[in-house]
Structure formats: structure tokens, C-alpha cells
Amino acid sequence: MLDIRWIRDNQESFDKALAKRGVEPHAAALVKLDDARRSHVTKLQEAQQRRNSASKEIGKAKASGDEDGAQALMKEVAEIKAFIQNGEEEERRLSAALEEALCVIPNLPLDDVPEGEDENDNVLLHVYGEKPEMAFEPKEHFELGKDLKQMDFEAAAKLSGSRFVVLKDKIARLERALGQFMIDMHTDEHGYTEVSPPLLVRDDAMHGTGQLPKFSEESFKTREGHWLIPTAEVPLTNLVAGEIVEESQLPIRMTGLTYCFRSEAGSAGRDVAGMLRQHQFQKCEMVSITDEDNSLAELERMRECAENVLKKLNLHFRTMTLCAGDMGFGARKTYDIEVWLPGQNSYREISSCSVCGEFQGRRMNARYRIEGEKSLKFVHTLNGSGLAVGRCLIAVLENYQNEDGSITVPEALRSYMGGLEVLK
């Protein structure tokens, strides 16, 4: 959520930043809502002051024997009290209307974010490795999985419907190996603390990271009112919700390997074949809580941590800086890491790393205290996939496939696979 005081003082800059995202101007409407709230608050304060002074005048009137004057003042005080009671309810309504309007406004892109409307306008940051050369026509992951009889979409459809998969035998173990490899790498080499969070969260948690209210259709909700997490970013980031942390405790770096659940609303007809777009998938998430001065440097660090996973697996990838029109709702700047898939003959996103500034900190009321200063600041938050396990499994299957349909196990994963070198 954005600061209405900053918006008031920077209306032109605010609307210009929204336009970079392809969003229509909102400054005038937001300031109008804030003006109504401020005007009403001023009336309430004046009424409270008059009530206090009139109450004192009642005593003076009675002391001087002016009973008529005292009665008139008592009537005035009663009317003021009624106004204040009704006015406090109106203040809550006006404040809620302003907050509701602010909550659906996306974060403002940083100045160095490229302009553009969609993925076609993203800018290449760098490339790692080379596309593998194969002396045969490479297959897609779902063809390889079916041929090995270890990837069953029909059985999953019978159990759960479309966009699910049943993995079996060595491919199931390979998926588990990838997740363990990622979480070990982030904790042992990158300095993140492992967290195993709940997979069900309340409305406040989803609101804090920006999934609510605007994107409710993209997640699953239980009859009891809990949400299945669309990403571990939600519970990990909200661990500091409502808290005041000391600046000396920052940065806080957390990682979690969890299942994630997404309804994929609006994605009908997209990536229907295979495992690319599933309702349920595993992801290793990275979250950082930082101060204002270090959040941009933390973004570069997080990006490198995600890239290191692909480097260890010797997978070819490219990293893109997203244009303003392609960024997520809460991001100020985002890098997408796209791995090469020979079976598709294309790059596909396997990680997004974003800095959100104080956008989520303000929504969560998560602040930090600078030593020697009285005022508090909102924390800055970052999140990134490190990596999406299912998509990494796809990349391993397609890049390490052999002409006979077998899969060579990457050296980095063999200790997690009990020494197995080839899936047959």
C-alpha cells in the first residue's frame, strides 16, 4: 500500500509512475477521499474542543447562579456528544473508503525499470551457458515422463481433474531431490534460515502481501475461511506483520520449501500440456526483510542466489529485467530467470525475484527502529523463487535426456538420488 501523504505531495509523479504500468491516473480521486476524511476529522476535533470548553462553562454558570445559561450549555454538550458519536463512525467509514481505494493501487516502479506493456518489452540482463546440442529431436518433459511410465496425467485427472499430475518411482524421487538440493543450498551456502510455515493462512496474511483484495480469484479458499497459500512468500513475509524489529536484526533472510496452490484463473488454454501450469506445485521460496538503504543491493544478492541453483545444475538460462507493464502488483523491480527447455525450443520462467520497497511493510504495519532515533520506518521486503521445483524438474528432464529416452541425473543431485546416475 502507498502513502497517501506522499501521493498528496507528488500527484504528478504518482500518476506518471502509474502510467508507466499502464494504469490510469488515481491521484485526484485519492486526494479527494483524503480531503473528505481530513475535513471530517477537523470537525470532530473542533467539536471535542467545544465540548470540553462548554463543560467548563457549565460549572461557571451554575456557580454564578445562571441556571438558564447552564441548561443551555448542557443541551449544547449533549448535542455535541451525539455528533461526536455519529462522527466517529463516519470517520471510520471515510478511513475505510480511503484504505480500500489505496489497497488496489499497484506499487510504483523504480526509475530504472524499463518502459513497456508486456513480456515482449522485457530487457535482457545476461545469459548463462549455452543451449545443449542434441543429435536427435528432443522430446518434451511429458513425453519423456510417459515413456518412462513415471508421469501420469490421466490418473491425476481421475483423482483431481485437470492441471494435476501423479509422479512415480525415480521421477518422484528426482522432484524430491531437487527440492532438498535447493533448500540445502540456500541454507548452507546463501545464509537463509529454513522455515516450515502453515499452508493455510487468514485474510490478513493474504492482504499483507497484496494477494487480497484484488486477486482473490487466483487462490483457493476453504469453507472455514482460510486460504491455501499461492506462494510461501505469504506466510514467510507475514512473520514480521505488526512487529517492530531493531535495525541491527536486519536483514532477515528466510527460505521455505512448500506446496503452493493456484486456481490459475484466466489461464484457460495456456500451457495445458504437461506440468508447466499446475494447481498444486512445490516451490522453494526466498524472502528478505531489510531496511530502506539496503533493499536494492539485497535484490541483486537474491537474484544471484536463484541463478546459482541453475548454475550448479549446469542449466542454460537467461535473466530478464521486467518492464513496468509486466511486473507483479507489489513489485518495484523484478528479475525473471528463464531456463532453456529443448523440448519446447524456448525459454520459460523458473524464478521471479522482486523488491517491494515498503509496499508490503505498510500493509502489514511491519516496522524497524533505528538506534538513537525515536521515529520508526516501515521495513522493505523482497521475495524470489529459488526455484520453482516442478519447472526445474521439467528443465532437468528435457536438458539431460538421452536419445534412448533415459535421463542422466545431474551430478549435483546424485547424492540425493542414492548415487543413481541414469533414469531408465
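Colleague: How many disulfides does the count come to?

Modeller: This is a predicted model, and a disulfide here needs a pair of cysteine sulfur atoms within 2.5 Å. Take Cys-103: the closest cysteine sulfur, in Cys-356, is 15 Å from its own sulfur, so that is too far for a bond. By the 2.5 Å rule, the count comes to 0 disulfides.

Colleague: And Cys-284, which cysteine has the sulfur nearest to it?

Modeller: Cys-284 is in no disulfide either. The nearest cysteine sulfur is 10 Å away, and it belongs to Cys-260.

Colleague: Is Cys-103 buried or exposed?

Modeller: Buried means under 20% relative accessible area. Cys-103 has 4% relative accessibility, so it counts as buried.

Colleague: What about Cys-284, buried or exposed?

Modeller: The same cut-off of under 20% applies. Because its relative accessible area is 0%, Cys-284 is buried.

Colleague: Let's turn to the charged residues. Which residues form the negative surface patch?

Modeller: Residues in a patch need over 30% relative accessible area. Asp-121, for instance, has 32% and counts as partly exposed; it lies in the loop between α4 (67–103) and β1 (123–128). The negative surface patch is formed by Glu-117, Asp-118, Glu-119 and Asp-121.

Colleague: How far apart in space are Asp-112 and Arg-332?

Modeller: Asp-112 is found in the loop between α4 and β1, and at 49% relative accessibility it counts as partly exposed. Along the sequence, Asp-112 and Arg-332 are 220 residues apart. In space, C-alpha to C-alpha, the distance between Asp-112 and Arg-332 is 9.9 Å.

Terms used:
Residues are numbered from 1 along each chain as its sequence is written. This is a predicted model: local features need pLDDT of at least 70, side-chain atom pairs count only at pLDDT 80 or more; totals for chains, interfaces and linings use all residues. Side-chain values use heavy atoms; hydrogens and water are left out. Patches are made of residues with over 30% relative accessible area and no salt bridge: like charges are joined within 9 Å, nonpolar side chains (Val, Leu, Ile, Met, Phe, Trp, Tyr) within 5 Å. Accessible areas come from the Shrake-Rupley method with a 1.4 Å probe; for residues, only the protein chains shown count as cover. A salt bridge is a side-chain nitrogen of Lys or Arg within 4 Å of a carboxyl oxygen of Asp or Glu. Lys and Arg count as positive and Asp and Glu as negative; His and the chain ends are not counted. The place of a charge is taken as NZ of Lys, CZ of Arg, CG of Asp or CD of Glu. Helices (H or I, at least four residues) and strands (E, at least two) are DSSP runs, numbered from the N terminus. Buried means under 20% relative accessible area, exposed over 50%, partly exposed in between (1.4 Å probe, protein chains only).
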